[in-house]
Amino acid sequence: MNYISDDTIAAVATAPGVSGIGIVRISGKNSLKVIDKIFRNINGETTDIINATSHTIHYGFIYDNDEVIDEVLVSVMLSPRSYTTENTIEINCHGGPFVIRRVLKTVLKNGARPAEPGEFTKRAFLNGRIDLTKAESVMDLISSGNEFARKNALKTLRGSVYKKIHDYRDRIIHETAFIESALDDPEHYSLDGYPEILRQKIIELKNEIENLLSNSSDGKVLSEGINTCLVGKPNVGKSSLLNLLAGEDKAIVTDIPGTTRDAVEVKIQFGGLTLNMMDTAGIRDTDDTVEKIGVEKSRNAIEISDLVLFVIDSSTALDEDDIEIFGSIRNKKSIIILNKSDLEPVITIDNIKKFSDAPIVVVSAMNEEGMNRLLHLVREMFLSGEISSNDQVYITNERQLSDLRNVDQSLSLVINSIDNGMSEDFFTVDLMDAYDKLGTVIGEETGDDLADRIFSEFCMGK
Amino acid sequence: MVKNIDYDVAIVGAGHAGCEAALACARMGLKTIVFTVSVNSIALMPCNPNVGGSSKGHLVREIDALGGEMGKNIDRTFIQSKMLNSSKGPAVHSLRAQADKDEYSRSMREVLENQENLTIKQAEVTDLLVEDGKAVGVRIYTNIEYYTKAVVLCTGVYLKARCLCGEAITYTGPNGLQAANKLSESLKNAGVIIQRFKTGTPARIDVRSIDFSKMEPQYGDNPIVPFSFSTDPDSIQKEQVKCYLTYTNEKTHDIIKSNLDRSPMYSGVIEGKGPRYCPSIEDKVVKFADKTRHQVFLEPEGLRTNEWYVDGMSSSMPEDVQIQMYRSVPGLENAHIVRNAYAIEYDCFKGKQLKPSLEFKKVSGLFSGGQSNGSSGYEEAAAQGLIAGINAARYVQNKEPLVIDRSEGYIGVLIDDLVTKDSFEPYRMMTSRAEYRLLLRQDNADIRLRRKGYEVGLISDEQLEALIYKEEEIKSEIKRLQGIRVGASKKTSDILNSLGSTPLGTAATLEELIRRPELNYDLIAPLDQERPIVSRAAIEQINIEIKYRGYLEREQRQVAQFKKIEDRRIPTDIDFSEIKGIRLEAQQKLNDFKPVNLGQASRIQGVSPADIQVLTVYLSMRDRENSL
């Protein structure tokens with residue numbers, strides 16, 4: 001972790017939203033080098049922003065290698081005449097939330113690291129740009145931003161991904177502890193033939209991580225859609241809601257027979273997103289039919305979904321079935337839909353907050369009210385994970401992905417060391433790097449893990 | 001009451017820490033007195049008969065680089081020597097020597113006895129004298145008071161020690177030596193927080209009752225590498241003793257399991273926390289139940305004794321169980337136990353009370369080094385003793401303390417861990433505890449630390465000049481190797497082929513050739529006609545610097561980052577609970593540990609990176625306010 005650093009940081013500097021325009025800000029001594037690697041003019045030629053005058057604007061395109069990402073305006077603010085007083089680049093993007101994230105990702109790939117919450121302001125303060133009287137608010141900004149980011153990061157990781165990363169860490173530290181035990185007590189543990197075994201294990205691990213990376217990217221959300229599961233007791237209005245979701249954007253409702261994902265039955269285009277509605281068989285019957293879907297069956301659908309929409313009839317009191325559903329969605333990304341706002345409410349938002357901290361949206365499927373807010377919530381959950389207001393802008397998912405990419409790189413270095421015939425003590429350098437970075441992904445510190453592991457798993461010493 | 005005011009510094013204890021502390025103070029020109037319960041036990045090795053080993057060998061080299069005595073003393077008294085991990089990377093090469101215990105002790109005593117400015121006094125220290133929050137001296141059992149300017153505690157395992165051998169409990173220090181039963185109370189009154197730790201040692205067996213034909217002999221290295229940078233390698237080549245390897249078996253384990261209720265460890269008689277890394281044989285059998293055998297090394301205690309040390313079988317079982325247990329091991333069927341194995345419990349100090357200089361935060365002028373700080377091992381003790389001694393002397397001289405940081409030495413890692421982490425077991429050094437292991441090698445301890453030793457006055461002009469000469473040799477030779485290109489001629493190809501290396505496609509520098517895994521500086525000599533004479537020590541550095549440059553540079557960059565926050569000092573008057581953005585848990589921890597710099601703060605458990613960010617801003621705010 002860098003606390004006093006002059007390295008180059010980047011983040012999306014505008015509030016997320018439906019608006020297609022946003023700014024990616026880069027600050028630090030390498031800002032100009034970074035932009036020169038990814039920016040080309042209208043003729044596709046590289047330019048020398050590194051020689052540009054301060055406070056100038058440049059028109060052109062952001063490239064990820066040879067792929068054009070977005071048409072942009074790039075503002076150049078040279079040290080000390082910028083917010084942070086460091087060399088600063090602002091990329092004005094036009095292509096909507098996805099594209100902004102792609103631009104940021106490209107920036108991060110080319111020499112910047114994701115900014116910590118409040119880091120631009122922190123730098124501005126440390127560099128004397130911000131008044132002493134504002135010090136307290138700077139500290140507040142950092143601590144609240146981090147608290148939010150931490151919660152947010154953990155939220156997106158609950159469940160299976162968290163478990164996976166935990167498992168990766170476990171495997172890495174087990175191998176490291178073995179190597180270290182053998183180095184510490186060479187007369188006791190032998191490393192003969194071990195590098196080949198480790199190589200195999202690391203390759204397996206790398207494959208899993210690369211898989212996770214490709215599945216985690218925005219691309220999946222865009223191209224494959226969000227596996228969504230609509231749950232709730234009978235007669236709360238699930239089918240009306242489904243019809244409304246399908247109808248509102250005049251989307252295509254298609255049955256997909258024979259698909260490998262048996263649970264997915266309907267694809268719905270919803271405000272630019274694809275929702276793969278799962279296990280909707282029971283729901284598509286009309287309201288009059290007694291639905292056969294029990295809590296038990298819903299649970300299976302919940303297990304494999306990316307998003308759970310839990311529909312509650314606000315005109316009827318919560319009962320045990322509802323509470324059971326609350327329990328089964330606790331570790332899932334979910335949205336609580338309080339339907340039938342057109343009727344006299346019996347349930348309040350406060351009632352629900354006792355059982356769940358998932359976001360709540362009040363709708364009336366009958367009057368077609370509240371759908372925009374639902375759309376907004378879904379987009380926020382899957383497209384950004386950003387929090388608003390200037391400097392606090394912080395992309396949780398992007399940070400985590402960036403950390404994961406670093407883990408992958410560290411593991412590649414382990415393979416390099418093995419292939420170059422280095423001795424085992426060199427492997428653990430990169431293994432521990434990978435371990436630390438996986439820790440930041442799931443918000444766990446490293447501390448004395450390695451020593452603890454060595455003592456608990458390997459019989460040491462005299 | 002008799003008052004004695006002849007001394008500047010009092011050292012309490014003359015074990016491995018006390019010896020280094022006493023010698024350091026005396027050599028730095030202070031009038032020093034060292035107290036020991038028995039002059040015969042100066043530099044006693046009450047447990048294993050080795051010095052060095054993985055990571056501990058690094059510590060000994062560092063002690064030597066700084067001007068300590070341990071390395072020189074083991075070079076004088078070893079009877080077998082081995083470089084561990086010599087087939088691994090240079091960072092984990094570790095020297096370990098078997099000591100002739102009596103000779104080690106006698107030789108160190110001789111050095112102390114003849115050290116100018118140093119007085120040895122056999123006496124139990126019973127009280128610490130404190131005035132106005134300052135240590136001003138000690139009182140001994142005869143009620144005589146010694147008024148000094150600083151006090152260094154090197155009490156090892158002697159404070160309220162008790163030894164356990166099954167049901168038999170004796171209130172003594174190791175080897176039946178007198179325990180120090182009074183000092184703990186006096187320290188508590190001065191505000192020192194005490195905890196209770198435990199450690200143990202195996203039996204010693206009469207060599208005439210051992211059947212070595214059932215064991216595998218273990219030999220020393222040839223040639224022998226000295227510990228001390230000042231020892232001439234040629235002067236220490238000699239005939240070495242053999243050690244032997246045997247194993248426990250299921251019978252041994254059954255004996256232990258069926259008698260667990262008689263082990264004070266398992267019956268709850270022992271309250272102190274024991275180390276996990278150096279478990280008793282009972283612990284090994286219980287914790288690693290799936291293992292059918294454990295290694296046992298038989299090591300001589302010296303050349304002029306019949307006692308052999310049973311490495312791997314420390315125990316606190318009753319004597320009758322011990323006899324059965326040891327006799328179940330192949331080669332030990334008729335073993336006669338000269339000294340029983342036992343566990344020892346003792347008072348020691350919580351490390352968080354200490355500054356990185358090893359001075360107590362609450363009592364100025366009071367320093368502590370060694371096992372009493374919660375560590376274990378002779379080498380860990382000596383390293384701390386040296387630093388505590390140096391800093392006691394610096395305190396008296398009114399100079400800034402010497403603090404080695406984590407990027408400079410294992411000593412830094414050791415002390416930082418002790419004072420920054422709440423440890424609940426005796427702490428042992430391991431190479432994996434060092435973040436910058438590739439830089440902190442045993443082979444370059446002189447390059448890392450000699451200058452610091454020189455600055456405090458423990459390294460002579462001559463020694464420093466030798467270092468400067470070596471550094472010059474390394475630098476100019478690497479430069480020369482970078483400048484010489486060899487072409488892809490037939491002659492070159494033949495030489496490379498004969499070395500098992502691939503011929504060159506295009507010309508390459510000698511440096512590039514050395515970088516090849518299969519080659520090194522010596523091997524490429526036939527391609528390097530005009531080679532100057534370079535010392536062995538410099539050649540070792542040249543090989544390492546060239547071969548591992550990528551890795552080394554990477555760690556150097558990490559060190560540069562580390563230094564930035566390590567250099568950011570935290571004023572001592574900060575009340576962390578007043579900094580709003582820091583979480584409550586972190587505020588409490590910070591107030592508890594009172595870190596001296598931002599780096600140390602970041603290593604306290606329970607303090608998050610965000611807390612450190614906030615602290616950074618707070619510190620900068622204070623600076624700006626103060627400069628207004």
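# A tour of chains A and B

Select strand E1 (residues 9-12) of chain A and E7(A): two bridges join them, and the strands run parallel. Strands count as paired if DSSP finds at least two bridges between them. Within this pair, pick Ile9(A), which stands opposite Arg113(A) in E7(A).

Before moving on, note that this is a predicted model, in which local features need pLDDT of at least 70 and side-chain atom pairs count only at pLDDT 80 or more, while totals for chains, interfaces and linings use all residues. Residues are numbered from 1 along each chain as its sequence is written, and chains are lettered from A and ligands numbered from 1 in the order in which they are written.

**The sheet of chain A**

In general, strands of a sheet pair through backbone hydrogen bonds, either parallel or antiparallel.

**Domains of chain A**

Colour chain A by domain: domain 1 is 9-130, domain 2 is 157-216 + 398-457, and domain 3 is 220-384. These bounds come from an automatic or database domain assignment. Taken over C-alpha atoms, the centres of domain 1 of chain A and domain 2 of chain A are separated by 33 Å.

**Where A meets B**

Next, show both chains. Here 38 residues of chain A are in contact with 45 residues of chain B; contact means that the C-beta atoms of two residues, placed from the backbone, lie within 7 Å. On the side of chain A that touches chain B, at least two residues each come from helix H3 (119-126), helix H4 (135-157), helix H5 (160-184), helix H15 (424-441) and helix H16 (449-457) of chain A. The largest share, eight residues, is supplied by H4(A). By class, this side of chain A has 19 nonpolar, nine polar and 10 charged residues. Ala, Val, Leu, Ile, Met, Phe, Trp, Tyr, Cys and Pro count as nonpolar, Asp, Glu, Lys and Arg as charged, and the others, Gly among them, as polar.

**Helix pairs in chain B**

Select helix H1 (residues 16-27) of chain B and helix H10 (residues 378-396) of chain B, whose axes come within 7 Å and cross at roughly 30°. Axes are lines fitted to C-alpha atoms, for helices over the stretch in contact, and angles run from 0 to 180 degrees between N-to-C directions. H1(B) is therefore roughly parallel to H10(B) (under 35 degrees is roughly parallel, over 145 roughly antiparallel, 65 to 115 roughly perpendicular, the rest oblique).

Glu380(B), Ala383(B), Gln384(B) and Ile387(B) of H10(B) make the contact with Ile411(B), Leu414(B) and Ile415(B) of H11(B). Those residues divide into five nonpolar, one polar and one charged.

Finish with helix H12 (residues 445-456) of chain B and helix H13 (residues 461-483) of chain B, whose axes come within 10 Å and cross at roughly 150°. H12(B) and H13(B) are therefore roughly antiparallel to each other. Asp446(B), Ile447(B), Arg450(B) and Tyr454(B) in H12(B) meet Gln463(B), Leu464(B), Leu467(B) and Glu471(B) in H13(B).

Methods: Helices (H or I, at least four residues) and strands (E, at least two) are DSSP runs, numbered from the N terminus.
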